[in-house]
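Please look at the structure before reading on.

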Amino acid sequence: MVPLMLFGLTTMKLVGMVFFVGFFVAAGIAIRFSDVPKVRKGFLAGFFAVLLVVAVASPVQPLPMIQWHKFSTPVPAEETLLQLRVVDSNGQELRYDERATLTVDGVYLHRLLDDIVEADPAEQQEIGVYLLERAHFHRDRVENPDPTRPFRFPPNFIYAKWSPKTLEGYDEFVNLRIYAVTMVTSDDGRRLIETREELVLDFALDGPSGDDVGSADATGLDQWAIGDGVATAVTPMRPMGVVA
Amino acid sequence: MSLRLLRSFGFVNYHAYPTRWTPLNLAVARVILGSYLIWKTMWYDWRVIAATPFRVEEGYLWAIPPASVLVVEKYLLIVTLLLFVVGYRLRLTAFLSSLLVAHLATVRFSLYLGGMTTALFIAAYALLFFGLYARQDKLSVDSLRRATTQSPVELRDHLTRPLAMAFRADPLRLLLLALGVIYFGSGVDKLRAGGLAWFDSVHLTRVLVTRTAFYGYDLGLGKLLVDVPAIAILSSWGTLAVELGILIAVLIGAPVTIPMFVLLGFMILIPVTMGILFADVLFFIAMLFAWDRLDRALSPAAGVDLVFDDHCLLCMRSLHLFKYLDADARVRFYPQSEAPATYTNLEGVDFERSMYVFDGDHAYEGYWAFRALFAQFGLLRPVAWLMGRSPVAFVGTRIYRYVADNRSRHFACAVDFDAAD
């Protein structure tokens with residue numbers, strides 16, 4: 001695609017912006033002149049035509065048009081996913097709580113982890129500092145709950161979140177680690193045959209942790225170090241359980 | 001639970017039957033939509049979202065303004081949604097709310113692409129539909145504002161004549177259609193991406209097994225699906241049938257109650273098996289519920305007589321919306337000049353002083369007449385209950401008395417019908 005640069009926007013981004021703005025201009029006109037049936041019907045015909053194409057066949061979502069594709073792609077018998085964990089000063093690991101990333105809900109963590117692995121060192125460092133700071137903040141929030149929490153809108157994910165109980169016994173969080181977790185399931189999909197994991201990246205505010213990490217810069221500060229690439233047995237972690 | 005009440009539970013295929021005997025469903029759906037959006041968006045911390053040093057979707061970076069603008073938008077949205085909930089200047093508030101919701105959702109989309117963000121866009125569509133058909137919404141402040149332009153004769157006629165029993169609910173027709181299209185796309189994508197895999201139990205059980213292992217939570221009820229492949233197959237087929245079937249049912253005019261209840265069942269089953277809660281969808285489903293049927297089932301069989309001051313504009317306007325609720329004519333509205341003699345001769349009754357509701361041998365005056373009026377409508381009975389409790393009753397009776405005693409001084413009253421005619 002030929003990049004068309006306008007105020008720093010590429011063609012796709014420009015198209016997205018024009019579509020979004022154009023959609024609401026059209027909607028505003030349709031509502032303003034909604035007493036004229038032709039105007040209203042014209043807008044609605046266009047709306048449903050675009051919605052149908054986006055929902056059924058479009059590879060992209062030109063906002064505000066969306067698609068609702070959930071769990072469509074079959075999970076292969078062997079699947080590898082990236083997992084983020086925090087590590088305390090005693091070396092204990094805990095799966096990172098997605099809710100830590102923002103004040104409400106969270107970010108698309110698996111997509112972020114893919115991006116971190118591909119990012120340059122400066123970006124990795126910035127994101128690492130942010131995620132570790134948010135982990136501290138979230139831990140404090142879990143251990144000293146906000147009284148308004150029960151009244152908040154129900155979260156999308158209700159499993160495997162940090163609770164005061166799961167945080168018991170953990171010292172101060174000092175590291176972040178990204179693992180590639182590979183799960184192998186039986187042909188009928190009913191049993192987990194094997195789980196193995198591989199350290200991909202290790203991050204610490206004072207440089208990489210652990211002697212076994214193949215460090216890119218063992219003396220640097222706030223660095224992500226590249227893992228040793230050796231697959232190991234799964235580190236047993238306490239189940240986090242369900243937190244409403 | 002009585003059979004009558006149970007049978008009232010259902011959903012409406014508004015595409016086939018866009019006309020109802022009351023505007024109630026449209027008003028309830030408006031309140032649900034606005035309240036849901038206020039509840040959902042009021043907690044977002046836009047300063048944190050704006051300050052996040054990464055984006056997982058960079059296509060909409062242009063949509064991210066400074067944090068202070070997002071904060072202003074958040075509170076502006078709450079204001080426009082509150083006005084939307086009460087039905088004030090619906091075209092404007094629906095459009096502004098839709099634009100703000102969609103913009104904030106776009107910013108949110110840069111960090112989270114899943115259902116809890118995309119549901120906001122569906123809500124934005126629903127807001128636009130309400131804006132496009134604002135005039136259909138009779139139980140609104142806008143309707144009351146239109147009543148202020150009506151003559152005393154028109155106001156009196158509205159109360160005393162039978163209600164036209166044909167109220168279209170096109171915003172709900174369009175919402176149902178949009179949901180049908182979106183779910184249809186979901187079903188088609190499953191068939192395209194998974195093909196035959198969706199027709200056996202492997203796909204679903206593998207999702208459950210790997211998710212529980214990866215996220216480290218207990219399989220819970222999901223164990224039933226893993227252990228009994230027939231249940232997993234049934235769930236897979238059921239998912240496809242509902243996702244593809246809603247749009248088909250809507251378009252051919254078939255009842256949608258069963259598909260909607262199945263969808264509701266999935267919304268309950270998914271959290272207990274996969275740990276994912278699509279709370280937003282519950283609100284969309286609730287918007288399509290047949291609230292008018294439930295209202296009818298919960299309403300008392302016997303009606304009441306209401307005597308109002310037909311020389312008082314304020315009195316007639318205050319009853320204007322109740323008339324729209326009274327599709328089954330449970331309330332017989334009498335101008336005081338035409339009140340039955342049995343009531344005019346009752347000791348202690350003074351029509352010049354208050355509005356009255358007569359329920360058999362019981363006469364309710366003023367504030368308590370309003371409470372008796374609320375009690376006539378099934379969905380408003382909780383309000384009637386609340387009105388009977390202190391301190392609501394304490395405050396309410398005094399407000400009514402003050403307004404009634406000063407209506408000539410502060411409000412338009414004392415209409416001369418000969419002049420008005």
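Predicted model: local features only at pLDDT ≥ 70, side-chain atom pairs only at ≥ 80, totals over all residues.

Q: What share of the contacts in chain B with a separation of 6 or more is between residues 24 or more positions apart?
A: Residues 24 or more positions apart make up 78% of those contacts, where contact means heavy atoms within 4.5 Å.

Q: Why is L294(B) called buried?
A: Buried means under 20% relative accessible area, exposed over 50%, and partly exposed in between, with a 1.4 Å probe and protein chains only. L294(B) has 11% relative accessibility, so it counts as buried. The residue lies in helix α15 (residues 291-298) of chain B; helices (H or I, at least four residues) and strands (E, at least two) are DSSP runs, numbered from the N terminus.

Q: Which residues is L294(B) in contact with, leaving aside its neighbours within four places in sequence?
A: They are L5(B), S8(B), F9(B), F289(B) and L379(B). L5(B) is 289 residues from L294(B) along the chain, yet their C-alpha atoms are separated by 6.8 Å.

Q: Is A329(B) buried or exposed, and why?
A: A329(B) has 51% relative accessibility and therefore counts as exposed. Its place is in the loop between α16 (313-325) and β4 (331-335) of chain B.

Q: Why is D105(A) called buried?
A: At 16% relative accessibility, D105(A) falls in the buried class, because the limit is under 20%. D105(A) sits in the loop between β2 (93-95) and α3 of chain A.

Q: What makes the phi of D105(A) worth noting?
A: Most residues other than glycine have a negative phi. D105(A) is not a glycine, but has a positive phi of about 55 degrees. A329(B) is not a glycine either, and its phi is positive at about 50 degrees.

Q: What kind of peptide bond joins L63(A) and P64(A)?
A: The bond is cis, with omega about 10 degrees. Another cis peptide bond joins S390(B) and P391(B), also with omega about 10 degrees. Most peptide bonds are trans.

Q: How do you know that R91(B) and D35(A) form a salt bridge?
A: A salt bridge is a side-chain nitrogen of Lys or Arg within 4 Å of a carboxyl oxygen of Asp or Glu. The closest N and O atoms of R91(B) and D35(A) are 2.8 Å apart, so the pair meets the rule. The count between chain A and chain B is three salt bridges.

Q: How many residues of chain A are in contact with chain B?
A: 84 residues of chain A are in contact with 87 residues of chain B.

Notes. Residues numbered from 1 in each chain as written. Chains lettered and ligands numbered in written order. Heavy atoms only, no water.
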